[in-house]
Amino acid sequence: SVSASNDNAGGIAGFLNVASGVGVLNDTLGLDLIKKNSMSFVLSSVAASGEGFTVSAGNERAAGGVALATGGRISDVSVSRASLVSAKNYAGGFLGVSGTGSVVGSDGLDLLGLGLVKVEGLLSLGSVMQTTVNTVTVSGVDAGMKVTATGDGTSTDAGEKPVTAGGFVALGSASSVSDAHVTYLGTVQASNEGGYAGGFVGEST
């Protein structure tokens, strides 16, 4: 079993991100580097299995595969025999949160904690930092995998947002998913009123 006392518990990885944001300070060189994938993470040909294994986060983002994935490529990955994935918010069978949300904001980029930097063309930047997922399978135990978001939607990180749970991904933002499958899924539950729960996707933005 895998557990994190606070955020980002994953059966394979807790947090996968672009290698560095420093190159983006040069709005020509930085974008060129990202487009060539020199800054993107790659997760390929990986399998995680365990008889009834569980993944839990004390606060946010828990997943059978990757809790938080931003700006990279995931392919040919499998997670099998999971029984439970739980977090206060963003619980997913394979991904807790995927996309660009932690790197690209409406006002600029927060690079390595240095504060917001204004960059022209954020929509273009967001597209080249998209998270792509291809050929991924998730299977639970015979009795069915349970995916549960237990929070009340009032935590510091979540603010007043409803909690979200998904059989494959809880929250997908600027992500492309293809040839992805979830089997032996028992229940997907978001406990608070107005929460989002989906057999495959909890919420997409």
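Predicted model: local features only at pLDDT ≥ 70, side-chain atom pairs only at ≥ 80, totals over all residues.
Visitor: What makes arginine 81 and glutamate 51 a salt bridge?

Guide: Their side chains meet at 2.8 Å, N to O, and a salt bridge needs a side-chain nitrogen of Arg within 4 Å of a carboxyl oxygen of Glu, so the pair counts. Arginine 81 lies in strand β7 and glutamate 51 in strand β4, 30 residues apart.

Visitor: Is arginine 81 called buried, exposed or partly exposed, and why?

Guide: The relative accessibility of arginine 81 is 24%. Buried means under 20% and exposed over 50%, with partly exposed in between, so arginine 81 is partly exposed. Glutamate 51, at 63%, is over the 50% cut-off and therefore exposed.

Visitor: Which salt bridge joins arginine 81 to aspartate 142?

Guide: Their side chains meet at 3.0 Å, N to O, which is within 4 Å and therefore a salt bridge. Aspartate 142 sits in the loop between β13 and β14, 61 residues apart from arginine 81.

Visitor: Why is glutamate 60 called buried?

Guide: Its relative accessibility is 2%, and buried means under 20%, so glutamate 60 is buried. Glutamate 60 forms a salt bridge with arginine 61, the closest N and O atoms being 3.6 Å apart. Arginine 61, at 15%, is also under 20% and therefore buried.

Visitor: Why do β3 and β20 count as edges of the open sheet?

Guide: The five strands are ordered β3-β6-β9-β16-β20, with parallel pairing. Each of β3 and β20 has a single partner strand, so one side of each is left without a neighbour in the sheet.

Terms used:
Residues numbered from 1 in each chain as written. Heavy atoms only, no water. Pairing = 2+ DSSP bridges. Helix = DSSP H or I, 4+ residues; strand = E, 2+ residues; numbered from the N terminus. Buried < 20%, exposed > 50% of the residue type's maximum accessible area, 1.4 Å probe, protein only.
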